[in-house]
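Have the structure open as you read.

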Amino acid sequence: MRTIRKAALMKAALLGAMALGLLVVAPAGAAEWKPSRNVELVVGAGAGGSIDAQARLIAQAIERHKLIDTTMTVVNKPGAGSSQAISYLGGHAGDGHYITLLASSWIGTAILMNKPNTFKEVTPLARLFDVPLGFIVKADSPLKTTKDLAEALKKDPGAYRFAISTTAGNNNHLAVLRFAQLVGVDPKKVRVIVNDSGATSLTQMLGGHLEICVCGIGDTQSLAKAGQIRYLGSLRDEPIPGFENIPTVKSQGYDVSIATFYTMVAPKGVSPEIVGYWTDVLAKAIATPEVKNAAEQLGMTIERVDAATTAAFITNEREVTSKRLGEFGFVQK
Amino acid sequence: MSAIHYILQGFETALLPLNLLYVFVGTLLGTILGILPGIGPVAGIALLMPVTYGMDPTSALILLCGMYYGAQYGGSATAILINTPGEASSMITCIDGYQMARKGRAGAALAVSAWGSFIAGTLSVIGLAALATALSKLALSFGPAEYFGLMIFSLAAVSALSGKSPGMSIIAVVTGMMIATIGLDSQTGSTRFTLGLQDLENGLAFPIIAIGLFALGEVFLTLEEKSQGKTEIIKLSGSTWMTREDWRRSAGPIVRGGVIGFFLGVLPGIGGVLASIISYATEVRLSKRPQEFGQGAIEGVAGPEAANNAAASGSFVPMLAMGIPGSVTTAVLLGVLIMFGIQPGPRMIDDNPGLFWGLVNSMYVGNVMLLILNLPLIGLFVRILYTPTGILMPLVLVFSVIGIYATDTNVVELEFLLAFGVLGYIFKKIEMPIAPLVLGLVLGDTLEKSFRQALILSGGDPSIFVKSPICLGLLLVSLACFLLPVVLPLLRSREIAESAENA
Amino acid sequence: MPLIVAGVAALVAALYFYGTTQIFVSPFADPAGPRAYPYLLVALMLVGVVVLSLEHLKARRETATAPRAESAIRWSPLLPVSAWTLVYILVFEWLGYPLATAIYLIVLMTVFNPGKHRTNLAVSLSFAVISYVLLAVLLGAQLPAGHVVEALTNHFRG
């Protein structure tokens, strides 16, 4: 008994040493990079939300179509508007086995919370989905166009009340305030409440407690088709493909557009090969039928934008948002 | 006419062997997940979603609904057995349910929980089917001002729980409310009381506080008792099932809890927790033996359990009738429906009656399956209580840690969990009443938010609270609730004085 | 005892008050603002403190006998168990769930279920492993395997 155990122990020790040794000797990455172990797809939101759903879809698509050779797990790091997820990445600099799907609020949050270093913590990979938003009113509202709204607000800034979600100072909030500015009304006099979700805003509007929601156009389709709501205008530069009948607010004379987008990023310090690898895989993943289908259902448009354009886009967003947030005095000292 | 046709067809669908299998799997899985503190139906649904992609939509929904109900029940089981609320809405069940278990009546507590949930669940599914459209109008009429009135009313209703020390209760409620303010202010985004920690920016997640206070607090208490040598061997007294006396006492609370829970559940944002608290307070007020509450009164389990199950069904109303989710879970389910290309909403009942009734019926079947599955499990669950303390308590600790870690993978949260555990122990020692604290925690956010939103909408005009009939009504009733305990004794003593004079 | 509670509550109110004064109020804040409600809570807490103190004084007047012996807060086993749990939490991610949990449980059980070493060991190990397999592997919950286990599994997965 004793001798057999001793031999087994020896074997285990040797294997252990081999394992550790292999770790040290593991190839440091050739010209082409591929993941060599489990990849974590980190989500800056809790399980069950729409971002989480999209992340899981992508992970599923990648696994089903064998777009990578290793496994991929979805890890939730919710909190602080994606800041937790980004902090988590900070501990894995240069490692291509961690990619993160962030909601667009991450840019605003970083500025609001005075955390400018956030932008250095990530390497943009791709901008994936866009959630088109719009000004939504009840079907029986006297407002028919954005101009009607503008006129009404000029007469009385508190005449029409807005609801936005999900956090104060985010893109939706800024859109309303910017709109007020463009109309020539003191933004401080406009009545805006902040809800946890678009659903609450819609319920309050339908119940007559307020008049305008800034919500997603895709996921309110059923209410529109049922004749309960109308879209005053979409908050984009161009009309939304598939919803061309909704005029943009911009085309009606007020240059306000918001981008609510999901970005995929990698930790800082990853090599260009890693970036190239992932942008490739992601492009394939979002072309799969399941992801395309789901995005359609949820009213999201798919963007296939590469890393460089994404990086430029983020820088631009950061500048614009900084300016606005500073103007409106949201930034906390 | 055709509705009956669809109802029958719905049952046909719901009773297909394959769908029955799905209900079974769903409720079983849900029960297991519900047992894990902190992991609830949302996580379960999120995990199961990929599995459901290839399935028929109705079957997928049946599976997920089964899981939803299962999780509710699992959460109640742990609340009763080890004072660990598996679900936020099982917190109130801990109060009397655990005390019943300590007195050897765990079986009855589990049974009343199962039966209460079943009866209330069934009634509310019927309510859902019959009243969906009318109820959604009710839901719509509740705006910020009305919610404020409701919150004040809840405070008034729960003031009955102040027990021996109103002073402690006030401190408890305010403590709960203070904890609820930690995080980002909803209307302005300012950070409040986050101590510079990014982890606190979203506030302290509910499960952390609930499990810390209830489960860990109790573990520390039990370990202390053990080290003092006060080992209590819990003998099962009476039968594992409910006696006739139990039924007599529980019938009323179950029906009342069901009604309260259902109507509160219809209101978006109000969930099982508030419903169970109000039900508990109602039963205390109506009981002829209010001092029994907190020591293992079966009404204290029957009512809240019925309420939280009914609230779960009620939360489907806005989702199905308007396509607007009223809770996190229904939001996730809505996402699933949309994935399948089904847009719930005002047109769903007309456009897709087959699905609507299939879903409604599967909710009913889910309730039945839950009962069938869990009644036999009671015997098994109760055996857990026979586990030696020295083994059970460490396991509860690990359980709690898993539950919290699995959702957010954040070690800082675990540290807070531990801190609340210590607090929970201290609170029990100083006899700080837990129910008001929980209420303050649950209400605090909504109370402040609805007040401020109402003021924003009215442009700073406070008369909005009085102009709304619902709000005004609720405020007046609350005033009455607060004043009655003070005024009645005064009136009575005056009567006595007068009759003494006249004599 | 109630006076101690009242004292602590008053202290909490004071700290909370200080925290409230630090809250940033943006020029776009609503009429009530982020500070109004917290100030209200401070006031309510003080009301509670006063009520509690009055209750206590009234009770002291009415009962001439000594107050009943309340259960005192004992620091053991509260502190050692908390400290050990803190250690568990801190090494959790590094050591990995299965290993950390097994060690954590074994120690606790040895202290609170003395003498039954084989049972304790069996329960600890099987619980750690089985729960890990069930939750992390089958249900996909996020439990860390730990660097040690990860290294080994990666080697064998190749």
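## Two helices from two chains

In this predicted model, helix α17 (residues 389-408) of chain B meets helix α4 (residues 97-112) of chain C: their axes come within 8 Å and cross at roughly 150°. Angles over 145 degrees count as roughly antiparallel, and α17(B) and α4(C) are therefore roughly antiparallel to each other. Their crossing is right-handed.

Which residues make the contact of α17(B) and α4(C)? The table lists them by helix.

| Helix | Residues in the contact |
|---|---|
| α17(B) | G390(B), I391(B), P394(B), L395(B), L397(B), V398(B), I402(B) |
| α4(C) | Y97(C), T101(C), Y104(C), L105(C), L108(C), M109(C), F112(C) |

Sorted by class, this contact of α17(B) with α4(C) has 12 nonpolar and 2 polar residues, and no charged ones.

## The chain that carries α4(C)

Now step back to chain C. Its secondary structure comes to 6 helices and 0 strands, so to read its elements from the N terminus on is to read α-α-α-α-α-α. Chain C has 158 residues, of which 38% count as buried. Among its contacts with a separation of 6 or more, 53% come from residues 24 or more positions apart.

Finally, turn to helix α10 (residues 289-297) of chain A. Its buried residues are E290(A), V291(A), A294(A) and A295(A). Seen down the axis of α10(A), these buried residues fall within an arc of 125°, so they line one face of the helix. On the other side of α10(A), P289(A) and E296(A) are exposed.

Terms used. Residues numbered from 1 in each chain as written. Chains lettered and ligands numbered in written order. Predicted model: local features only at pLDDT ≥ 70, side-chain atom pairs only at ≥ 80, totals over all residues. Heavy atoms only, no water. Axes fitted to C-alpha atoms, helices over the stretch in contact; angles between N-to-C directions. Helix = DSSP H or I, 4+ residues; strand = E, 2+ residues; numbered from the N terminus. Parallel < 35°, antiparallel > 145°, perpendicular 65-115°, else oblique. Left-handed = near helix turned anticlockwise from the far one by under 90°. Contact = heavy atoms within 4.5 Å. Nonpolar A, V, L, I, M, F, W, Y, C, P; charged D, E, K, R; others polar. Buried < 20%, exposed > 50% of the residue type's maximum accessible area, 1.4 Å probe, protein only. Arc of directions from axis to C-beta.
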